[in-house]
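Have a look at the fold, then we'll take the terms one at a time.

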Amino acid sequence: MDDFWIILTGALVASSCALLGCFLLLRKMTMVGDAISHAVLPGIVLAYLVAQTRASLPMLIGAALFGVLTTVLIEVLHKNGKLQVDAAIGVSFTWLFAIGVILITFFADKVDLDQECVLYGEIAYVPLDVWISNNGSNLGPISVWLMGANLLIVLAFVLIGYKGLLITSFDPMLAATVGISTAFWHYALMSAVSLTTVLSFESVGAILVVAFLIGPAATAYLLTENLRKMLFIAVGAGIVAAVGGYLLAVAVDGSIAGAMAACIGLEFMLAFLFAPQGGLLTAKQSFSKKDKQVVDLDFH
């Protein structure tokens, strides 16, 4: 039964991250998840100073608020500071992370308080933290409930906001012309990314969250030019990586998160080499056939 809970948690995280990752990829902001993983540190420290406890809930609230603040800061630096997106991301998360380190030094240096002890979870421990009802019934791992609820929120967000997300991702000028607020959909998307990232950190760990945000979306991007198909392929690739990664980890007795991330990388490389349109080897075969046809025409 533990195997089922671990795979289910991985699949739920993969699905949420893959859906949002597709829009991040189209907006060239895939490293936002990595930036949030560092930039939430001051939010964790401030939450501890206010609540005077290391309980998960206030820590997650503080981290989520600073995750949103990070995305706002990135957008302000990009739009108003005329910085490229990658430069705005780099400046934002290093600055906020440094502030978090300073806050720990001055106010919480005697407390074991850092991102690893609060947010960086381990998917192998998911079956150990279960939800016990008032009558003593075991309702299953808390992570499964959290990530299931988060997936429903993400699904509702994508379904309801599909048109706005589609137009603002591909053509912001057209969106402004037809009265769709680019800023609203940007911050709505970033809020969803921040919530998903912070909740997923506690369940599966930071590396796996970043891998699920980028890998399946990048794989799907190589396989189709249709956004609806891209979303389905990305979710499928994420779930396959979650299942395949767990089986690989059991086979080699290794890290589950590492094996899942390795499967994501393998999926991307297969798409990179064999994608029907634009795959590296597919393109070479296509060029070879065209060259042969040219030679045949010249010969005849």
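Predicted model: local features only at pLDDT ≥ 70, side-chain atom pairs only at ≥ 80, totals over all residues.

Q: How do you know that strand E1 and strand E2 are joined, and which way do they run?
A: Two bridges link E1 (residues 130-132) to E2 (residues 138-141), and two strands pair if DSSP finds at least two bridges between them, so they count as paired. The two strands run antiparallel. Residues are numbered from 1 along each chain as its sequence is written, and side-chain values use heavy atoms, with hydrogens and water left out.

Q: Which residue is the bridge partner of Ile 132 in E2?
A: That's Asn 138. E1 and E2 form a hairpin with five residues between them, and Gly 136 in that turn has a positive phi of about 90°.

Q: What makes something a helix or a strand here, and how many does the chain have?
A: Both are DSSP runs, numbered from the N terminus: helices are H or I with at least four residues, strands are E with at least two. By that count the chain has 14 helices and two strands.

Q: Why are helix H11 and helix H13 called roughly parallel?
A: The axes of H11 (residues 206-223) and H13 (residues 256-274) cross at roughly 15° and come within 9 Å. Axes are lines fitted to C-alpha atoms, for helices over the stretch in contact, and angles run from 0 to 180 degrees between N-to-C directions. Angles under 35 degrees count as roughly parallel, over 145 as roughly antiparallel, 65 to 115 as roughly perpendicular and the rest as oblique. H11 and H13 are therefore roughly parallel.

Q: What residues make the contact of H11 with H13, and how do they split by class?
A: Contact means heavy atoms within 4.5 Å. On the H11 side the residues include Leu 208, Phe 212, Gly 215 and Thr 219, and on the H13 side Met 260, Ile 264, Glu 267 and Phe 268 are among them. By class there are 14 nonpolar, two polar and one charged residues. Here Ala, Val, Leu, Ile, Met, Phe, Trp, Tyr, Cys and Pro count as nonpolar, Asp, Glu, Lys and Arg as charged, and the others, Gly among them, as polar.

Q: What makes H8 roughly perpendicular to H12?
A: H8 and H12 pack at an angle of about 105°, with their axes 12 Å apart. That angle makes H8 roughly perpendicular to H12. Tyr 162, Leu 166 and Phe 170 in H8 meet Leu 227, Arg 228 and Leu 231 in H12. By class, that contact has five nonpolar, no polar and one charged residues.

Q: Is Thr 71 buried or exposed, and how do you know?
A: Buried means under 20% relative accessible area, exposed over 50%, and partly exposed in between (1.4 Å probe, protein chains only). Thr 71 has 2%, so it is buried. It sits in helix H4 (residues 56-79). Leaving aside its neighbours within four places in sequence, Thr 71 touches Val 32, Ile 36, His 186, Tyr 187 and Met 190.

Q: What about Ser 169: buried or exposed?
A: Ser 169 has a relative accessible area of 11%, so it is buried as well. Ser 169 lies in helix H8 (residues 162-170). Beyond neighbours within four places in sequence, Ser 169 is in contact with Phe 23, Leu 26 and Arg 27.

Q: Why is Leu 49 called partly exposed?
A: Leu 49 has a relative accessible area of 27%, so it gets the in-between label. Leu 49 is in helix H3 (residues 41-51).

Q: What is the phi of Lys 28, and why point it out?
A: Lys 28 has a positive phi of about 60° although it is not a glycine. Lys 28 lies in the loop between helix H1 (2-26) and helix H2 (32-39), and at 71% relative accessible area it is exposed.
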